[in-house]
Amino acid sequence: MPKPAIAKETSATQALFRIHIRGALQDVWDEITRTDDVIPCFFNMRMHAARLARGAPMQMRTKSGKYVGVVGEILEWDPPRRFAHTFRFTQMDDPPCKVSYELVPKDDGVEFTLRISELTPGTKSAKQMTQGAVMILNTLKAVIETGRPTLGTRALFALFALLEPLTPKRCRVENWSDN
Amino acid sequence: MWLPMKPDAMDAVFAALASRERRQMLDIVLAHPGCGVNQVAAHFAMTRVGVLKHLRLLEEAGLVLSEKVGRVRRLYFNAVPIQQIHARWSDRYGALFADHMVAIQERVESRNRQRKTNRA
């Protein structure tokens with residue numbers, strides 16, 4: 001298969017991903033902003049935030065609460081349309097990027113856009129963010145439309161739970177202040 | 001791991017991809033996220049209106065996302081529809097073997113190209 005003759009841009013700082021979800025706007029919003037339970041579309045992690053408002057710190061923690069995977073600060077909080085925060089993987093030393101979730105009612109559901117900006121090209125974080133984005137969208141769609149993630153995704157979550165003890169020590173919750 | 005796509009949406013993706021020019025446009029947008037219409041048009045001999053028509057089809061299929069920033073329309077590749085189609089016909093294990101086969105094909109073909117170049 002001949003490769004396209006166009007070199008891949010390395011200075012990209014923004015990526016967009018969009019999917020149409022057949023469901024209610026509020027249901028999609030509640031699904032991505034809940035703090036009382038794990039969020040399947042965010043790799044079955046739990047959002048930890050003392051308050052959900054602009055300027056507040058937030059974390060994504062593992063189901064057990066023992067590890068922090070992501071730290072950030074809420075940049076935009078506009079229910080039920082827009083939620084944005086800075087995003088940094090605790091496992092890496094890469095600079096933070098920005099993620100925003102944009103919800104627009106369309107046809108019989110919601111047009112959901114995930115925007116990743118200020119990505120530092122060539123970093124491991126940039127690669128993981130763009131790879132993870134399609135899984136976030138797909139799992140969110142599955143949860144809203146069928147009530148739960150697909151079988152493959154559920155199997156993956158079981159694997160995550162099994163592998164949790166192998167998470168690097170630097171990610172342990174006591175190393176990440178939550179205020 | 002993906003939900004089935006609506007038949008109409010899938011038709012739109014295949015129709016959009018059934019053109020060499022539009023596939024090239026997708027390559028350009030993928031390689032240059034946030035590029036403008038003019039940047040895409042620079043690669044083609046057709047008129048700007050022609051390019052816009054092709055881009056509209058790609059956008060309607062969800063393969064290209066566009067947003068206006070000031071007076072410029074910026075274009076982005078959306079990987080989601082292609083992932084959905086891929087998932088329909090390819091389970092995880094099948095995909096693994098298919099990946100190997102594509103890798104073998106690429107290696108053999110590049111070796112053949114190399115031989116031809118050496119002979120020339």
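Me: Start with B:Val29. What is B:Val29 in contact with, beyond its neighbours within four places in sequence?
Reply: This is a predicted model. In it, B:Val29 is in contact with B:Cys35, B:Val40, B:Val64, B:Leu75, B:Tyr76 and B:Phe77.

Me: What makes B:Val29 stand out in the largest nonpolar core?
Reply: B:Val29 is among the residues with the most contacts inside that core, along with A:Phe17, A:Ala133 and A:Leu137. The core has 60 residues. Helix α2 (residues 124-146) of chain A gives the most, with nine residues.

Me: How do you know that β2 and β3 of chain B pair?
Reply: Pairing needs at least two bridges. β2(B) and β3 (residues 72-77) of chain B have six, in the antiparallel sense. They therefore count as paired. B:Lys68 stands opposite B:Arg73 in β3(B). Helix α2 (residues 20-31) of chain B packs on the sheet, touching β1, β2 and β3 of chain B. The direction of this helix makes about 100° with that of β3(B).

Me: Why are β1 and β2 of chain B called edge strands?
Reply: The open sheet runs in the order β1-β3-β2 (chain B). β1 (35-36) and β2 (64-69) each have a single partner strand, so one side of each lacks a neighbour in the sheet.

Me: What puts the buried residues of α5(B) on the same side?
Reply: The buried residues of α5 (residues 80-89) of chain B are B:Val80, B:Pro81 and B:Gln84. They cover an arc of only 105° around the axis, so they share one side of α5(B). Their cover includes β1 (14-21) and α2 of chain A, together with α1 (7-17) of chain B.

Definitions and conventions
Residues numbered from 1 in each chain as written. Chains lettered and ligands numbered in written order. Predicted model: local features only at pLDDT ≥ 70, side-chain atom pairs only at ≥ 80, totals over all residues. Core = buried A, V, L, I, M, F, W, Y, C linked by C-beta atoms within 7 Å. Buried ≥ 20, exposed ≤ 12 C-beta atoms within 10 Å, placed from the backbone. Helix = DSSP H or I, 4+ residues; strand = E, 2+ residues; numbered from the N terminus. Contact = placed C-beta atoms within 7 Å. Axes fitted to C-alpha atoms, helices over the stretch in contact; angles between N-to-C directions. Arc of directions from axis to C-beta.
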